[in-house]
Every structure is written in C-alpha cells, then in structure tokens.
Amino acid sequence: MKIAIGISGASGSIYAKKIIEFLDKNHELFVAISETAKKIFSYEIGITFDNFAKNFNFKQFNEKDFYSPIASGSFKIDTYIIIPCSMKTLSAIANGYADTLITRCADVAIKQKRKLILLPRETPFSAIHLENMLKLANLGASIIVPSPAFYHKPQTIDDLVNFIVGKVLDELDIEHEFYKPWGVNN
Ligand SMILES: Cc1cc2nc3c(=O)[nH]c(=O)nc-3n(C[C@H](O)[C@H](O)[C@H](O)COP(=O)(O)O)c2cc1C
C-alpha cells in the first residue's frame with residue numbers, strides 16, 4: 001500500500017514512531033512532519049526525527065513542501081494517517097484550511113474520498129475540538145482517540161501504546177499482533 005503519514009505537534013510521538021517502524025517494512029510510506037512535531041519527537045523519544053528516519057526507507061517531507069507528490073490528488077494514496085493529530089491541525093482540516101502539507105493531505109483525502117485516519121490528542125476536549133471531530137467523522141474520517149484499554153491487562157507503557165497502534169492497523173485491515181483480540185487467551 002501507499003500510505004501518507006502526517007505527524008503533527010501533539011504529545012504522542014511514540015505512536016508515530018511505532019506505526020512507522022511496523023509499516024515501513026512492507027509498505028511505501030510518505031511522511032510529513034511539522035516543525036513542532038519534530039521538537040516534540042526529540043523531547044519525548046530522545047532522538048531527533050531526522051536521525052530516526054535514517055534507519056528507514058520512507059520519504060520525508062517538511063510541513064511546507066507543497067511540491068511533494070502527496071500534496072496532489074493526482075498522486076494515488078491508499079490511506080492518510082495523522083498520528084498524533086493536534087487540535088490546531090484537526091481544526092484546520094475540519095475547516096478546509098490547507099496551510100501545511102499535513103492539512104493539505106487531509107484535504108486531498110476528503111475531496112478524493114480516500115481513507116483518512118486521525119489520532120487527535122488532547123485532554124480535556126473542548127466543545128470546539130469535539131465539534132471538529134464530529135464534522136470529520138461525518139465526512140468519513142476514522143477518529144481513533146489514543147485512549148488505551150485495560151481489559152487486556154497491560155503491564156508496560158509499550159503494552160498501552162501497542163493497543164492503540166493495533167487499532168490503527170485494524171482500520172487498515174493489516175494483520176498484526178500488537179494486541180490480542182478479546183476472547184483470545186482471556
Ligand atoms: C511538548 C508539547 C506538547 C503538546 N501537546 C499537544 C497535544 O497533546 N495536543 C494539542 O492539540 N497540542 C499540543 N501542543 C501544542 C501544539 O504543538 C501547537 O498547537 C502547534 O501549533 C501545533 O501545530 P501543528 O499541528 O502544525 O504541529 C503541544 C506543544 C508542545 C510544545
């Protein structure tokens with residue numbers, strides 16, 4: 001699959017890191033990251049995103065690179081994922097304000113009626129945030145709030161993160177073992 005991944009400046013760089021580590025092996029990835037997301041990635045993960053990227057095959061674009069192929073609907077992408085999605089980026093997408101490559105990609109996904117998966121991260125959510133999510137859900141976007149479950153008895157932070165990564169892969173119909181479905185060994 002051809003998958004575009006947008007990383008915006010919300011807490012939760014670990015989700016982006018893990019999904020890229022998994023998908024980069026078998027899929028063609030196009031990754032757009034905002035300047036704030038780069039800073040948060042360094043802070044939360046402890047390495048720069050550019051250093052992380054050196055170990056993978058994905059193509060990386062900066063947040064203003066509107067000349068990149070993924071900025072155009074004519075370039076066929078199977079799925080667009082924004083992980084994590086800040087409230088600012090969510091708001092821009094919900095209002096068609098395509099001022100960055102990440103928001104432009106989401107705009108393209110919506111106009112081309114392609115799969116769009118968003119992982120909005122904030123707490124608490126204001127009515128503005130919730131209205132933006134509802135608007136996008138009604139337009140067909142999958143909203144996966146990174147709120148881990150506890151019925152699978154997580155023991156580590158990795159277990160909590162893996163549950164969410166697994167949920168994203170479920171949306172993509174990709175087999176994985178990030179968490180065990182309910183009823184399997186429980
Ligand atoms: C350490 C840090 C953590 C942040 N976490 C969040 C967050 O979880 N959710 C959010 O909506 N904004 C968060 N922000 C604020 C956004 O980064 C800010 O609104 C920024 O304009 C988002 O821009 P972008 O979506 O283009 O990356 C955080 C900022 C910093 C510095």
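1. C105 is buried, its relative accessible area being 8%. This comes from a predicted model. The cysteine sulfur closest to that of C105 belongs to C85 and lies 12 Å away, too far for a bond.

2. A search of the whole structure gives zero disulfides. C85 is accordingly in no disulfide, with the sulfur of C105 as its nearest cysteine sulfur. C85 also counts as buried, because its relative accessibility is 0%. For a student new to the term, a disulfide is a covalent bond that joins the sulfur atoms of two cysteines.

3. Next, the ligand. Around the ligand are 13 residues, of which G9, S34, S86, T89 and R121 come nearest. By class, this shell holds seven polar, three charged and three nonpolar residues.

4. Which atoms of S34 and S86 lie 2.6 Å from an oxygen atom of the ligand? For S34 it is a polar side-chain atom. For S86 it is an N or O atom, again in the side chain. M87 instead places a backbone N or O atom 2.8 Å from an oxygen atom of the ligand.

5. Taken alone, the ligand exposes 650 Å², and the protein buries 67% of that area. Two elements, α2 (35–45) and α4 (87–94), each give two or more residues to the shell around the ligand. The largest share comes from α4, with three residues.

Notes:
Residues are numbered from 1 along each chain as its sequence is written. This is a predicted model: local features need pLDDT of at least 70, side-chain atom pairs count only at pLDDT 80 or more; totals for chains, interfaces and linings use all residues. Side-chain values use heavy atoms; hydrogens and water are left out. A disulfide is a pair of cysteine sulfur atoms within 2.5 Å. Buried means under 20% relative accessible area, exposed over 50%, partly exposed in between (1.4 Å probe, protein chains only). A residue is near a molecule or strand if one of its heavy atoms lies within 4 Å of it. A polar contact is a pair of N or O atoms within 3.5 Å; within protein, one must be able to donate a hydrogen and the other to accept it, and residues adjacent in sequence count only if both atoms are side-chain atoms. Accessible areas come from the Shrake-Rupley method with a 1.4 Å probe; for residues, only the protein chains shown count as cover. Helices (H or I, at least four residues) and strands (E, at least two) are DSSP runs, numbered from the N terminus. Ala, Val, Leu, Ile, Met, Phe, Trp, Tyr, Cys and Pro count as nonpolar, Asp, Glu, Lys and Arg as charged, and the others, Gly among them, as polar.
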